[in-house]
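Please keep the sequence and the structure in view while reading the points below.

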Amino acid sequence: MSIQAPPRLLELAGQSVLRDQALTVSAVEELPRVLYLPLFMEAFSRRHFEALTVMVQAWPFTRLPLGSLMKTLHLETLKALLEGLHMVLTQKDRPRRWELEVLDLRDVDENFWAVWPGAWALPCSPEVTSKRETAEDCPSTGEHQPLKVFIDVCLKEVPQDECLRYLFRWVYQRRGLVHLCCSKLVNYLTPIKYLRKSLKIIHLNSIQELEIRNMSWPHLIRKLRCYLKEMKNLRKLIFSRCHHYTSDNDLEGRLVAKFSSVFLRLEHLQLLKIKLVTFFSGHLEQLIRCLQNPLENLELTCGYLLEEDVKCLSQYPSLGYLKHLNLSYVPLSRISLEALGALLEKVAATLETLILEGCQIHYSQLSDILPGLSRCSQLTTFYFGRNFMSMDALKDLLGHTSGLSKLSLETYPAPDESLNSLVHVDWEIFTPLRAELMRTLREVRQPRRIFIGPAPCPSCGSSPSEELEFHLCC
């Protein structure tokens, strides 16, 4: 007999049961666990909604990873399942076989449905369950453990996705019986009221990654601060294109102080990314000194920082273990980079990614950061394009990378000597200079993926990336 025969026979048995809807309803309580998954998948694929409603009421496993089975939520299927769950949750005595603790609507754990159903003759192991939820994230209340519903939320349109609206309403009407847990929340909407409505429904302790775009800083701080400070398990906080509309520096300072106080409660924060960082110009120290956990990733991009802002980066322990530092498109040409050099020396043992692209750094400032850079022995990625470097400065820079044996992707600007009066590359001049730079580099180490010159490349359109092989096109 083929090893595939048992699952095949179970599938045939499941199809037979589903042909008779009444039989499915009456037999589900006695259905062998080994038959439950193939029968559920058959009912799901054929959209036997009544069967799904009944089956979820006797679900014999601790988890139902629906998101991996239903890549895009289907409203009628979702309604059928939630109707069945409602019947169970509102009963004082739960069904004998019902073991469901987690309804996971994220696209994870396809293996749950792929393995031979016999492997699920026992409940999910604690190891599997603990990867997705903890008692700390969603604490129990009342006589029964609340059902945990996991979903990643992306707010893009108004009105919201119909399935998401239905789920939010269903959860809201069953407060105390259900915890809506959202590990990742992304907001693209400018009107803040839609985000606030979502945060009133989501269990705030469950949010591990929060990304907010296209919002006014003052508005964000006033309206969201009370929610942010309750996200005690937050690991990643990303603000992108958040503008500010006040020229009152005192008011701005007070708002930054209020916002910074939130960080006193974020003990697990590992990544802080702020794009259009202008709002914090002159006030960055207030934020940095409130960080409770050593950051692994700091991104402050596309804005302005004062010299005092850069100086504070090297003064606080929370930035002493950085793995990734991104200051791209923050103009640094008018300030001393001694503080940045001090920060590089401080994180030399841990830093893996350094992005200083488009910072308008001049060759006269290079000596401030070279000693620190040369000690970053773990560095794998270094973006230094779109800065103002002479040929001698670039040679000096490449020479100081001799000890960076782990560098696998690096970018550098075309030397100033190869630029014409319009600051465009003169290719006849640039080509031999680039070859000379490569000879200089090969004298100290062998590069892997390197991009010298403007990006994207005018002739082939290539841009630096992790997929880019050794590149000398242009």
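Helices here are DSSP runs of H or I with at least four residues, strands are runs of E with at least two, and both are numbered from the N terminus. By that convention, Glu307 belongs to helix H14, which covers residues 307–312. The model is a predicted one, and the chain contains 18 helices and 15 strands.

**The chain as a whole**

- Of the 474 residues in the chain, 53% are buried.
- Among contacts with a separation of 6 or more, 80% are between residues 24 or more positions apart.
- The average pLDDT of the chain is 84, and 82% of the residues reach a score of at least 70.
- One stretch with a pLDDT below 50 covers residues 116–137, which have 40 contacts in the model beyond near neighbours in sequence.
- Residues 465–474 also have a pLDDT below 50, and this stretch has 34 contacts in the model beyond near neighbours in sequence.

**Helices H4 and H6**

- Two packed helices are described by the angle between their axes and the distance between the axes.
- The axes of helix H4 (residues 49–56) and helix H6 (residues 75–89) come within 7 Å of each other and cross at roughly 35 degrees.
- The crossing of H4 and H6 is right-handed.
- On the H4 side, the contact is made by Phe49, Leu52, Thr53 and Val56.
- H6 contributes Glu76, Thr77, Ala80, Leu81, Glu83, Gly84 and Leu85 to the contact.
- Sorted by class, the residues in the contact of H4 with H6 are six nonpolar, three polar and two charged.
- H4 is largely enclosed by the rest of the structure, because six of its eight residues are buried.
- Those buried residues are Ala51, Leu52, Thr53, Val54, Met55 and Val56.

**Helix H10 and Leu199**

- Helix H10 spans residues 192–201 and includes Leu199.
- The buried residues of H10 are Ile192, Tyr194, Leu195, Ser198, Leu199 and Ile201.
- The helices against which these buried residues pack are H9 (162–172) and H11 (217–228).
- The strands against which the buried residues of H10 pack are S4 (153–155), S5 (178–181), S6 (184–187) and S7 (209–213).
- Leu199 counts as buried because its relative accessibility is 4%.
- Not counting residues up to four places away in sequence, Leu199 touches Leu185, Leu204, Ile207, Leu224, Tyr227 and Met231.
- Leu199 and Leu228 are 29 residues apart along the chain, and their C-alpha atoms are separated by 9.5 Å.

- Asp104 is placed in strand S2, which covers residues 102–104.
- With a relative accessibility of 0%, Asp104 counts as buried.
- The side chains of Asp104 and Arg106 are joined by a polar contact of 2.9 Å.
- Glu299 is placed in strand S10, which covers residues 297–301.
- Glu299 has a relative accessible area of 14% and is therefore buried, the cut-off for that class being under 20%.
- A polar contact of 3.4 Å links the side chain of Glu299 to the side chain of Asn326.
- Leaving aside neighbours within four places in sequence, the contacts of Glu299 are Leu272, Lys273, Ile274 and Asn326.

- Glu307 counts as partly exposed, at 35% relative accessibility.
- Glu307 is in contact with Ile335 and Ser336, leaving aside its neighbours within four places in sequence.
- The C-alpha atoms of Glu307 and Leu332 are separated by 8.5 Å, while the two residues are 25 residues apart along the chain.

**Positive phi values in loops**

- Asn214 is found in the loop between S7 and H11.
- Although Asn214 is not a glycine, its phi is positive, at about 55 degrees.
- Asn214 counts as partly exposed, with a relative accessibility of 29%.
- Gln360 lies in the loop between strand S12 (353–355) and helix H16 (370–374).
- Phi of Gln360 is near 60 degrees, a positive value in a residue other than glycine.
- Gln360 is partly exposed, and its relative accessible area is 33%.

Definitions and conventions
Residues are numbered from 1 along each chain as its sequence is written. Side-chain values use heavy atoms; hydrogens and water are left out. Axes are lines fitted to C-alpha atoms, for helices over the stretch in contact, and angles run from 0 to 180 degrees between N-to-C directions. A crossing is left-handed if the near helix is turned anticlockwise from the far one by less than a right angle, and right-handed if clockwise. Contact means heavy atoms within 4.5 Å. Ala, Val, Leu, Ile, Met, Phe, Trp, Tyr, Cys and Pro count as nonpolar, Asp, Glu, Lys and Arg as charged, and the others, Gly among them, as polar. Buried means under 20% relative accessible area, exposed over 50%, partly exposed in between (1.4 Å probe, protein chains only). pLDDT is the predictor's confidence in each residue, from 0 to 100. A polar contact is a pair of N or O atoms within 3.5 Å; within protein, one must be able to donate a hydrogen and the other to accept it, and residues adjacent in sequence count only if both atoms are side-chain atoms.
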